[in-house]
Amino acid sequence: MVEALIKAQTEEERVLEFLRSTFLLIALVGFAFYGMEHWVLDHWTESWQSKIPFFVSLVGFPLTLLMFFHRGKWVRYPFLLWMLVSVLTGIVGAYYHLLWNAQDAEVSLWSLKGFLEAFEGSRPVLAALAHTHVGAVAFVVGITIRD
Amino acid sequence: MIPALRNAQNQVQWALEFIRLVMLLLCLVGWVMYPLELLLLDHWAESWQSKIPFFVAVPGFALTLWVLFDRKTPWVRWAFILTMWASVLTGVLGAYFHLLWNFEGEVAWEFEAAMEAMAGSRPVLAALAFTHMGVTGLLAIYRAR
């Protein structure tokens, strides 16, 4: 990314590489901050599911960082794959937060009233989608790069 | 954004416009989902501060939608840029005040107390979602002629 930004020849190339670098930086900050927020909120509990966001961040952060310095296919393909993992983590996380909130409240998720009650539960539903957001942003950056 | 993507002449232009379009679409989803979540979480309270995110989200959604089809009209561009800056500021101020109001008793800017306030009932980093959306919107229109 950095090399491509420095070597950009035209105005369009410069803007493209600038946007790619900035969005990738946002994803990088996201991986660091979400990992930190999960830690502060004691998300690392005894259940293995609670550790998933940390593992996603732990791999996502160095892979994203690496993309700034080398974006050949040996880095880019694992990066793209991991960003899809991040997208999926967010979606699955949001679903299970909702499901477990519904179980705690003893309501059915498949009725509007139950859904809304589960939504207001102790586990934040849309917050889990932050991983989807970060993954999607980084994936879009990576997918537009050609060798 | 959409007309620019359709008129892209080469790979660089296409990649540039594709990134801009997808980022704006993500923003658009955010403008709907975040207020919805805030509404469900009863963020619309009696205090005027609690209503700010909703007031930012309404023009945010409308202008983002407009810019997807027309980014040439000067007043639309300016209104969009201004709204995105308002969103950036909303997020930063929201995070700061969430943190401040999470302090129980005296406000002490020490590491341990700040971490405790971070884990309080008002989510601190979540407020920054508005900053994220504002920055994304600003980047999407950056040098888009």
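How much of the chain over residues 123-142 of chain B is helix, how much is strand, and how far apart are the end C-alpha atoms? Over that stretch chain B is 85% helix and 0% strand, and the end C-alpha atoms lie 30 Å apart. Before I go on, please keep in mind that this is a predicted model.

I picked that stretch from a record. The UniProt entry, which is unreviewed, lists residues 12-32, 52-69, 81-103 and 123-142 of chain B under "transmembrane region". Take residues 12-32 of chain B as a second case: here the chain is 100% helix and 0% strand, with 31 Å between the end C-alpha atoms.

On confidence, the model has an ipTM of 0.87 and a pTM of 0.89. The average pLDDT of chain B is 91, and 100% of the residues score at least 70. Among the elements of chain B, the highest mean pLDDT, 96, belongs to α3(B), and the lowest, 82, to α5(B).

Helix α4 of chain B covers residues 74-102, which is 29 residues. At 1.5 Å a residue the helix should span 42 Å, and because its end C-alpha atoms are 42 Å apart, the two agree. Several residues of α4(B) are buried, among them B:Phe80, B:Met84, B:Val88, B:Gly91, B:Ala95 and B:Leu99. An α-helix has 3.6 residues a turn, so residues three or four places apart point the same way. What do the buried residues of α4(B) pack against? They pack against α3 (52-69), α5, α6 and α7 (129-141) of chain B.

Over to chain A. Chain A has six helices and zero strands. Its C-alpha atoms fill a box of roughly 60 × 30 × 25 Å along the principal axes. Of the 147 residues in chain A, 38% are buried. Take the contacts in chain A between residues at least 6 apart in sequence: 60% of them join residues at least 24 apart.

A:Ala130 is in helix α6 of chain A, residues 130-143. Is A:Ala130 buried or exposed? A:Ala130 counts as buried, because it has 25 C-beta neighbours inside 10 Å, and the cut-off is 20 or more. Setting aside neighbours within four places in sequence, A:Ala130 is in contact with A:Tyr34 and A:Gly90. A:Thr89 is 41 residues away from A:Ala130 along the chain, yet their C-alpha atoms are separated by 9.6 Å.

Next, where the chains meet. The contact takes 23 residues from chain A and 21 residues from chain B. On the chain B side, the elements giving two or more residues are α2 (11-40), α5 (111-118) and α6 (124-127). α2(B) gives the most, with 13 residues. By type, the chain B side divides into 17 nonpolar, two polar and two charged residues.

Last, the nonpolar core. The largest one holds 66 residues, and those touching the most other members are A:Phe23, A:Leu24, A:Ala27, A:Val137, A:Ala138, B:Ile19 and B:Met23. The largest share of this core, ten residues, comes from α2(B), the helix that also gives the most to the side of chain B that touches chain A. As for A:Ala27, its contacts beyond four places in sequence are A:Thr64, A:Val134, A:Val137 and A:Ala138.

How values were computed:
Residues are numbered from 1 along each chain as its sequence is written. Chains are lettered from A and ligands numbered from 1 in the order in which they are written. This is a predicted model: local features need pLDDT of at least 70, side-chain atom pairs count only at pLDDT 80 or more; totals for chains, interfaces and linings use all residues. Helices (H or I, at least four residues) and strands (E, at least two) are DSSP runs, numbered from the N terminus. A residue is buried if 20 or more other C-beta atoms lie within 10 Å of its own, exposed if 12 or fewer, and partly exposed in between; C-beta atoms are placed from the backbone. Two residues are in contact if their C-beta atoms, placed from the backbone, lie within 7 Å. UniProt positions are given in the numbering used here, feature names are shortened, and annotations may be inferred rather than shown by experiment. Ala, Val, Leu, Ile, Met, Phe, Trp, Tyr, Cys and Pro count as nonpolar, Asp, Glu, Lys and Arg as charged, and the others, Gly among them, as polar. The expected span of a helix is 1.5 Å times one less than its number of residues. A nonpolar core is a set of buried Ala, Val, Leu, Ile, Met, Phe, Trp, Tyr and Cys residues joined through C-beta atoms within 7 Å. pLDDT is the predictor's confidence in each residue, from 0 to 100.
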